[in-house]
Amino acid sequence: MPELPEVETTRRRLRPLVLGQTLRQVVHHDPARYRNTALVEGRRVLEVDRRGKFLLFALEGGVELVAHLGMTGGFRLEPTPHTRAALVLEDRTLYFHDPRRFGRLLGVRRGDYREIPLLLRLGPEPLSETFAFPGFFRGLKESARPLKALLLDQRLAAGVGNIYADEALFRARLSPFRPARSLTEEEARRLHRALREVLAEAVELGGSTLSDQSYRQPDGLPGGFQTRHAVYGREGLPCPACGRPVERRVVAGRGTHFCPTCQGEGP
DNA sequence: AACGTACCCTGCCGGC
DNA sequence: TGCCGGCAGGGTACGT
């Protein structure tokens, strides 16, 4: 599923292809999912940004196209059987592929995110300097929730989803069930570092393409980080550190993969 | 505040 | 072989 590394990879690939071009038209037949898109038509693309899992196309005239890829959304350079919308530019068209239709597009005036409350309450970008340890540690200390739930919440760090939460917890050797406030400063530092490392490595490798193939880079190439997964999607397979089987349990309503030996048992 | 549950949606999987 | 129920999970909404 598209999380920070997949959205960032998409941003990096799309940016040189769309910068300076006029977005002639946003074609779709689903005004409930793709809202207010007429606002951004006929304007040149000035920048492609990212906040958490949101992709932000800044256009001239002070408007912005906000895209969230949901679980299976992605921009492609060629149409697919699951193309749900198309961004028609001058020398190319971007196809919004989204089999399960959880993705959204929304035209807004620049920075006016009142219709996207999640975007307004996003925490710091984990790969930027704004992701400072003191604030992260304070956030952990304020919550009794399981670490997994807190990592998915987007307020402690923006853009972490199910894959990278599990991978970061494994790398930090912390149980997903641990109450956040029970972490020592040393443990919190491990988690802070693990998040940054896992996300940065995944961005370098173009994100994770799972066996369902739902995420692909815009040119159709798969990402490369899936082969580095230590626990995610590896239930029953040997932990790369100790060799004992990886377990899967539901935490915070999400499938959660961990090594009971290396990270500690559940509650 | 935070948890549980239902919902959105479709492809895929296992069971029969 | 083929049908079918259940599941996965980004997020939101609602009840407790």
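Tutor: What follows is a short talk about confidence, DNA contacts and aromatic rings.

Tutor: This is a predicted model, where local features need pLDDT of at least 70, side-chain atom pairs count only at pLDDT 80 or more, and totals for chains, interfaces and linings use all residues. Residues are numbered from 1 along each chain as its sequence is written, chains are lettered from A and ligands numbered from 1 in the order in which they are written, and side-chain values use heavy atoms, with hydrogens and water left out.

Student: What is the mean pLDDT of chain A?

Tutor: The mean for chain A is 92, and 99% of its residues reach 70 or more. pLDDT is the predictor's confidence in each residue, from 0 to 100.

Student: Which element of chain A has the lowest mean?

Tutor: Strand E11 (residues 247-251), at 88, while strand E1 (residues 22-23) has the highest, 98. Helices (H or I, at least four residues) and strands (E, at least two) are DSSP runs, numbered from the N terminus.

Student: Now the DNA. Which residues come nearest to DNA strand C?

Tutor: Met1, Lys53, Met71, Arg100 and Arg254, out of 15 residues around DNA strand C. Sugar and phosphate make up 53% of the DNA strand C atoms that come within 4 Å of the protein. A residue is near a strand if one of its heavy atoms lies within 4 Å of it.

Student: Which side chains have an N or O atom 3.2 Å from a phosphate oxygen there?

Tutor: His68 has one at 3.2 Å, and Tyr232 also has one at 3.2 Å. Gly255 uses a backbone N or O atom instead, 3.1 Å from a phosphate oxygen of DNA strand C.

Student: Switching to rings. How many aromatic pairs are there in the whole structure?

Tutor: Seven. Rings of Phe, Tyr and Trp (its six-membered ring) pair if their centres lie within 6.5 Å; planes under 30 degrees apart count as stacked, over 60 as edge-to-face and the rest as tilted.

Student: Why is the pair of Tyr34 and Phe96 edge-to-face?

Tutor: Because their planes are at 85°, with the ring centres 6.0 Å apart. Tyr34 is in strand E3 (residues 34-35) and Phe96 in strand E9 (residues 93-97), so the pair ties together parts 62 residues apart in sequence.

Student: And what about Phe133 and Phe137, stacked or edge-to-face?

Tutor: Stacked, because the planes are at 15°; the centres are 5.5 Å apart. Both residues lie in helix H3 (residues 133-141), four residues apart, about one turn of the helix.

Key: A polar contact is a pair of N or O atoms within 3.5 Å; within protein, one must be able to donate a hydrogen and the other to accept it, and residues adjacent in sequence count only if both atoms are side-chain atoms.
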